[in-house]
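Hello,

Here is the structure we spoke about, for you to look over. My notes on what turned up follow below it.

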Amino acid sequence: MPPSNSTAVRATGKDTVVVETDLPGQVQRTLTDYLQTRSAEAADLDPAFAAAVAELARFVLGGGKRIRPTFAWWGWRAAGGPAEGPAAQAMLRAASALELLQACALVHDDLIDESDTRRGNPTVHRKFEQIHRESGFAGTGIQFGRAAAVLLGDLALSWADDLLHSAGIPPAALARALRPWRAMRTEVLAGQYLDVLGQFRGDETPQAALRICQLKAASYTVQRPLELGAEAAGASPDALEALRRFGSDIGVAFQLRDDLLGVFGDPRVTGKPAGDDLREGKRTVLIAEAVAAAREQADQPALDLLRDVLGDPELDADRVEQARQVLTRLGAVAAVEKRITELTGSAMLALHAAGLAEPATSRLAELAIAVTDRSH
């Protein structure tokens, strides 16, 4: 979880000063204000559309650690961006756009995976299935839920672009920031497609799993948000390269930790059922390491169990526990933990060798530990 000493905003006369104490809270306020404006526009179009937008707003504002805006902010500060004043306010709005992009990805990801819950609440497509049932609409609730989720995810993506472009960043800085923004949008979709393809193709190699991890998570969660902030601040080529190396390694380590939590995490903390990644058939690095180890050890029962539980929507708690024991016994958990440690170490070396502006280096080091060594 991001450390508490991030960024907040307080009004002082006509100007607004950014103080680095509560960035997640300020992102929340920025998103709340923005979504109120867009919701009013939706209400002018049609009350039914406004009701759908209200569900999207609840989803966006209903949780999340605001990790991506936090990395974007500290990329900005690492490249010498100011902590207060109009330029900082514009960067805060630009960073907040990442949460709308994240909303699009989550809504669509939940639909693809047929997930029932997100952050302890029904996923968007399940929520609209419920609306369909309660309203007595014609047709099937599944079709209605899927259609609503696709459209609202697309709307979140459109509004993410709108917020970035209207944030108030000067044209030259915006042009630089758009380079990682465009790359990020393409990379996350490439990673998502390869993830889906891997599940249907049954690709169990660590190399394939790691490539998905790099595209779907590392680029999108850490590396590109860092670059977005740094580019907006006018970072030097050397600073950008250091942030890329740091961001790539920490991004992969973040996703590897997420993969462990997807199998071993506490549902009361993660907001998702235990073993949900197994039910969804995700070919993560954790699973790939286990399959490779089972083959190397000629452990056919372990291999059979892993293939049996992957993609089983009816997987119960006992089978999840059996899978956990096999993953641990095969050494897959230890292998993933080792990768996380090595990646975090290499990221820290890149960060501390870069000579970036303080307090950004210290804050990024704290963030690196926070997102890779977490219990939720």
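**Second largest pocket**

Three helices each supply at least two residues of the lining of the second largest pocket: helix 4 (86-113), helix 7 (171-201) and helix 11 (276-279). Please keep in mind that this is a predicted model. Helix 7 gives the most to that lining, with three residues. The space in the second largest pocket is about 400 Å³. Its lining has 14 residues, and the closest to the centre are Asp113, Glu114, Arg279, Glu280 and Pro313.

**The cavity**

How many cavities of 30 Å³ or more are there? The count comes to one. About 40 Å³ of space lies in this largest cavity. The residues lining the largest cavity are Phe59, Val60, Arg66, Glu99, Gln102, Ala103, Leu106 and Arg119. Two elements give two or more residues to the lining: helix 2 (47-61) and helix 4. Which helix gives the most to the lining of the largest cavity? Helix 4 does, with four residues. By class, the cavity lining has four nonpolar residues, three charged and one polar.

**Helix 3 against helix 9**

Now to a helix pair. Two packed helices are described by the angle between their axes and the distance between the axes. Helix 3 covers residues 67-78, and helix 9 covers residues 237-264. Their axes come within 13 Å. The axes cross at roughly 160 degrees. Angles over 145 degrees count as roughly antiparallel, and helix 3 and helix 9 are therefore roughly antiparallel to each other. Their crossing is right-handed.

Which residues meet in this pair? From helix 3, they are Ile67, Phe71, Gly75 and Ala78. From helix 9, they are Leu243, Phe246, Ile250 and Phe254. What classes do the residues of the contact of helix 3 with helix 9 fall into? Seven are nonpolar, one is polar and none is charged.

**Where to start on screen**

For the pocket, centre the view on Asp113, Glu114, Arg279, Glu280 and Pro313. For the cavity, pick out the lining residues, among them Phe59, Glu99 and Arg119. For the helix pair, show Phe71 in helix 3 together with Phe246 and Phe254 in helix 9, which are among the residues that meet there.

Best wishes

Key:
Residues numbered from 1 in each chain as written. Predicted model: local features only at pLDDT ≥ 70, side-chain atom pairs only at ≥ 80, totals over all residues. Heavy atoms only, no water. 1 Å grid on protein atoms, 1.4 Å probe; cavity = no way out; pocket = protein on both sides within 12 Å on 5 of 7 lines; lining within 4 Å. Points joined across faces, edges and corners; volume = space filled by probe spheres on them. Nonpolar A, V, L, I, M, F, W, Y, C, P; charged D, E, K, R; others polar. Axes fitted to C-alpha atoms, helices over the stretch in contact; angles between N-to-C directions. Parallel < 35°, antiparallel > 145°, perpendicular 65-115°, else oblique. Left-handed = near helix turned anticlockwise from the far one by under 90°. Contact = heavy atoms within 4.5 Å.
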